[in-house]
Amino acid sequence: MAGIRALQKEKTRQALINAAFNQLTAEKSFANLSLREVSREAGIAPTSFYRHFKDMEELGLTMVDEAGLTLRQLMRQAQKRLRNGGSVIEISIDTFFEFIENDPNVFRLLLRESAGISLLFRTAVSREIKHFIEELGEFITYRFNYSRYIGYMQAEASVTLTFSAMSKALDMDEKDRAELKRRVILQLRMIAKGVQFFAVKEKDKTTD
């Protein structure tokens, strides 16, 4: 019986998180959401909200954590696609663009709160993006046999560029989004070529 109650509580908690994500739009940020609206969409009474979250701030921070996890899962999904061959950059960008077409509000939350007025939210978003960069950096280091420093630098530059593009792509039509994707892939390839040059220089120094 206790196990059933715990499962139901977790289900309701997730329903609140999903309800909050669903209410984000191009015009409506997390700061504009109300506890009453989120509770109503989740199908619970507003007073029941407090059984799951202390306040809206705690809900928002939980959403940031979930968004960060989603980003890392996307990267792992792209890596699985690479097992069948293909370009690392093209497959990665295709995966991210597919995601924002189907579920754009994860990016809406991260992009807005990374520059929001709440220090807690800015810090949480920065932490999640840093985790994402570190995991990507480890992948680049392993795949291309770079030093950890070079791998991290490429990851940081790539994520900065990609997030900037995502912020523009969210509200573009299909034609403009396709053109943006083409440019981003080209720009990431230019970064990768520059990284190859520096990686060779770094190896030359170690063998002198």
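How many helices and how many strands are there in the protein chain? There are eight helices and zero strands, where helices (H or I, at least four residues) and strands (E, at least two) are DSSP runs numbered from the N terminus. Read from the N terminus, the order of elements is α-α-α-α-α-α-α-α.

Before going further, a word on what you are looking at. This is a predicted model, in which local features need pLDDT of at least 70 and side-chain atom pairs count only at pLDDT 80 or more, while totals for chains, interfaces and linings use all residues. Residues are numbered from 1 along each chain as its sequence is written, and side-chain values use heavy atoms, with hydrogens and water left out.

**The chain as a whole**

Along its principal axes, the C-alpha trace spans about 70 × 40 × 35 Å. The chain has 208 residues, and 42% of them count as buried. Here buried means under 20% relative accessible area, exposed means over 50%, and partly exposed is in between (1.4 Å probe, protein chains only). The accessible surface comes to about 12200 Å², with 54% of it belonging to carbon and sulfur atoms; these areas come from the Shrake-Rupley method with a 1.4 Å probe.

Contact means heavy atoms within 4.5 Å. Among contacts with a separation of 6 or more, 63% are between residues 24 or more positions apart.

**The nonpolar core**

A nonpolar core is a set of buried Ala, Val, Leu, Ile, Met, Phe, Trp, Tyr and Cys residues joined through side-chain atoms within 4.5 Å. The largest one holds 61 residues, and F30, V38, M56, L59, M63 and F107 touch the most other members. Each of the helices 1 (2–23), 2, 3 (56–81), 4 (88–102), 5 (105–113), 6 (119–144), 7 (148–169) and 8 (174–207) supplies at least two residues of this core. Leaving aside neighbours within four places in sequence, F30 is in contact with L24, M56, G60, M63, L109, E113 and F121.

S39 counts as buried because its relative accessibility is 0%. Not counting residues up to four places away in sequence, S39 touches L16, I44, A45, P46 and F49. R40, with a relative accessible area of 58%, is exposed. The C-alpha atoms of R40 and Q187 are separated by 44 Å, and the two residues are 147 apart along the chain.

**Aromatic pairs and a loop residue**

Rings of Phe, Tyr and Trp (its six-membered ring) pair if their centres lie within 6.5 Å; planes under 30 degrees apart count as stacked, over 60 as edge-to-face and the rest as tilted. The structure holds ten such pairs, and two of them are set out here.

| Pair | Centre to centre | Angle between planes | Type |
|---|---|---|---|
| F49 and F53 | 5.8 Å | 40° | tilted |
| F144 and Y146 | 5.7 Å | 25° | stacked |

Both F49 and F53 are buried. In the other pair, F144 is partly exposed at 34% relative accessible area, whereas Y146 is buried at 14%. Ring pairs also link F96, F99, F107, F132 and F163 into a cluster.

N145 is found in the loop between helix 6 and helix 7, and N145 is exposed, with a relative accessible area of 56%. Most residues other than glycine have a negative phi. For N145, phi is positive, near 60°.
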